[in-house]
Amino acid sequence: MKNIVILSGAGVSAESGISTFRDSGGLWEQYKIEEVATPEAWENNPQKVQTFYNLRRKQILEVKPNEAHFLIAKLESRFHVNVITQNIDDLHERAGSTNVLHLHGNIRYAKSSGPNQEVNYYPVEGWGLKMSDLCPDGYPLRPHVVWFGESVPMMDKAAELIAEADILIVIGTSLQVYPAAGLVYMTPRQCQKFIIDPGINERDIPSDYTLIKKSASLGMKHLMEQVLF
Ligand code: OAD
């Protein structure tokens with residue numbers, strides 16, 4: 001079986017009703033990154049950070065996977081599939097994908113805000129994580145997400161998966177955030193490479209990628225009907 005790797009971003013969840021970050025009206029127009037998504041933000045005002053991610057978690061629990069997530073899961077009937085997602089939602093898993101690597105964490109989980117953060121992840125019941133929710137060492141729990149300025153612990157594993165890809169499908173990411181965006185340059189020589197995105201700036205795409213300028217669901221449908229199945 002051929003190996004397919006999916007590299008997904010916020011655009012794959014847009015049709016489920018979750019805002020992307022950098023499109024007009026996106027989350028980073030409504031919030032300042034430095035106030036909600038950095039270690040300094042947590043130091044200065046942890047409650048504000050907690051509230052920001054509690055709202056993300058609440059919304060994610062209210063929405064459903066869309067056709068794009070389901071089509072990606074369906075690829076597993078014909079291919080060996082790994083999904084590398086920058087998204088902190090769990091919509092790929094809820095649609096049935098079985099191998100999902102979360103580069104930037106998973107909002108359904110919390111981790112310690114003390115040392116040893118990457119040792120244990122704790123499932124969050126419901127959507128509200130409180131500052132009084134503590135890890136066994138007594139530190140407040142923080143969302144299991146990667147903030148700007150933090151390292152990306154799953155990067156090496158993601159690079160290993162990309163290095164084995166026969167087909168790479170990049171879907172719904174502006175490729176503005178590193179190191180994740182660097183993964184598109186780490187494919188083996190023979191790999192077939194596609195980008196599905198209705199709005200990406202064509203200058204941001206490496207020349208050896210085929211661009212399918214469609215929404216995630218229509219782009220996946222097109223790719224599956226015309227190329228993969
Ligand atoms: P962005 O908001 O930067 O980019 C979203 C991409 O999705 C854009 O290229 C849009 O054109 C595209 N898009 C919009 N609607 C779409 C649709 N219906 N179907 C397909 N594509 C669509 O989001 P990401 O690239 O995921 O990190 O952002 C990367 C990282 O930056 C995130 O993981 C997050 C963010 O800050 C952290 O918080 C660390």
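Which polar backbone atom lies 2.8 Å from a nitrogen atom of the ligand? In this predicted model, the atom in question belongs to Ala-216, whose polar backbone atom is placed 2.8 Å from a ligand nitrogen. The protein covers 92% of the 800 Å² of accessible area that the ligand has on its own, and the space that the ligand takes up is the largest pocket.

A backbone N or O atom of Phe-21 is found 2.7 Å from an oxygen atom of the ligand, while a polar backbone atom of Gln-86 lies 3.1 Å from a ligand oxygen. The shell around the ligand comprises 24 residues, among which Phe-21, Arg-22, Thr-173, Ser-174 and Asp-197 come nearest. By residue class, this shell is made up of ten nonpolar, ten polar and four charged residues.

With regard to the cysteines, the structure holds zero disulfides, a disulfide being a covalent bond between the sulfur atoms of two cysteines. Cys-135 has a relative accessible area of 6% and is therefore buried, since the cut-off for a buried residue is under 20%. Cys-191, with a relative accessibility of 7%, likewise counts as buried.

Technical notes
Residues numbered from 1 in each chain as written. Predicted model: local features only at pLDDT ≥ 70, side-chain atom pairs only at ≥ 80, totals over all residues. Heavy atoms only, no water. Disulfide = S-S within 2.5 Å. Buried < 20%, exposed > 50% of the residue type's maximum accessible area, 1.4 Å probe, protein only. Near = heavy atom within 4 Å. Polar contact = N/O pair within 3.5 Å; in protein donor to acceptor, adjacent residues only side chain to side chain. Areas by Shrake-Rupley, 256 points an atom, 1.4 Å probe, with all protein chains shown as cover. 1 Å grid on protein atoms, 1.4 Å probe; cavity = no way out; pocket = protein on both sides within 12 Å on 5 of 7 lines; lining within 4 Å. Sits in = over half its atoms within 2 Å of the grid points. Nonpolar A, V, L, I, M, F, W, Y, C, P; charged D, E, K, R; others polar.
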